[in-house]
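User: Please examine the model shown here and answer a series of questions about its architecture and packing.

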Amino acid sequence: MSRRTVAANPVEQAVTWLNDPLNWTNPGGVLDRLGEHLTISAAAVAVGCLVAWPVGLWLGHTGRGGGLVVLVSNLTLAVPTIALLSILPLTFLGFGKPPVILALAVFAVPPLLANAFTGIRQVDPQVREAARGMGLSGWQVLRRVELPLAVPYLAAGFRTAAVQVVATAALAAFVNGGGLGQIISAGFGLGISIGGGQILAGGLLVATLALITEGLLAVLERAFTPRPLRRTGRRADEQASAVGSG
């Protein structure tokens, strides 16, 4: 009778699991897994920024490579993250966090690259020419004129990439990479009848973290975007979402 009740009420079971302090504080509990999840996600987004931003900014500045940006974005979106997570651990990277970070970084590249390129290309050509007429070099035009005006696009791409990575990092559990996905994986190991509540609890934790990340970055994006550029920021958000979902 009790087994049927537990099996029929995964929501109640999940609430009970989340309200147990030991599930939060024990080794391998929610707090430990949350720290791993945030570390993996931050590292992946950082790697993505280090790769995508310099390339996107330079290509946007030179006005070349638009087709390359589209090609790279489409290719990286076409490769499933789970496929990379299956392949990379079989290389010299081995199992653990390095292959997870690399796979998620690849997933973060499209919105970061596309928005960096688009942000620079959206700068008014007359503003660019005026800066050159004042004697600024190409590097100075990029750093002093184009880059500040591209901030809304960079922020929107960062926000999209970060939320996608946080939501997808749960797959790290497949290669023993840690994170909140380990809670879900452990629940499946117990079976649906016993671990159904734990599976649901893990899913809720991942979804909540993604929503919190979205909210915090939206606030920061608005705070750091100058008021005259906020309309541009809304347009950039729409384009970043289109790239991320494409």
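User: How many helices and strands does the protein have?

Analyst: This is a predicted model, in which local features need pLDDT of at least 70, side-chain atom pairs count only at pLDDT 80 or more, and totals for chains, interfaces and linings use all residues. Residues are numbered from 1 along each chain as its sequence is written, and side-chain values use heavy atoms, with hydrogens and water left out. Helices (H or I, at least four residues) and strands (E, at least two) are DSSP runs, numbered from the N terminus. From the N terminus on, the elements run α-α-α-α-α-α-α-α-α-α-α-α-α, and the count is 13 helices and zero strands.

User: Among contacts between residues at least 6 apart in sequence, what share joins residues at least 24 apart?

Analyst: Contact means heavy atoms within 4.5 Å. Among contacts between residues at least 6 apart in sequence, the share that joins residues at least 24 apart is 76%.

User: At what angle do helix α10 and helix α12 pack, and how is their arrangement classed?

Analyst: Axes are lines fitted to C-alpha atoms, for helices over the stretch in contact, and angles run from 0 to 180 degrees between N-to-C directions. Helix α10 (residues 151-168) and helix α12 (residues 192-224) have axes 9 Å apart and an angle of about 170 degrees. Angles under 35 degrees count as roughly parallel, over 145 as roughly antiparallel, 65 to 115 as roughly perpendicular and the rest as oblique. The angle therefore makes α10, relative to α12, roughly antiparallel.

User: What is the make-up by class of the contact of α10 with α12?

Analyst: On the α10 side the contact includes V151, F158, R159 and V166, and on the α12 side it includes L209, T213, E214 and F224. Ala, Val, Leu, Ile, Met, Phe, Trp, Tyr, Cys and Pro count as nonpolar, Asp, Glu, Lys and Arg as charged, and the others, Gly among them, as polar. By class, the contact has 15 nonpolar, one polar and three charged residues.

User: Which residues form an aromatic pair, and of what kind is it?

Analyst: Rings of Phe, Tyr and Trp (its six-membered ring) pair if their centres lie within 6.5 Å; planes under 30 degrees apart count as stacked, over 60 as edge-to-face and the rest as tilted. The structure holds one such pair. W53 lies in helix α4 and F158 in helix α10, so the pair ties together parts that are 105 residues apart in sequence. With 6.2 Å centre to centre and 40 degrees between the planes, W53 and F158 form a pair that is tilted.

User: Are W53 and F158 buried, partly exposed or exposed?

Analyst: Buried means under 20% relative accessible area, exposed over 50%, and partly exposed in between (1.4 Å probe, protein chains only). W53 has 25% relative accessibility, and F158 has 29%. W53 therefore counts as partly exposed, and F158 also counts as partly exposed.

User: Which residues does S41 touch, not counting residues up to four places away in sequence?

Analyst: S41 lies in helix α4 and is buried, with a relative accessible area of 4%. Not counting residues up to four places away in sequence, S41 touches V165, V166 and A169.

User: Against which elements do the buried residues of α11 pack?

Analyst: The buried residues of helix α11 (residues 181-190) are G181, Q182, I183, I184 and G187. They pack against α2 (10-18), α4 and α12.
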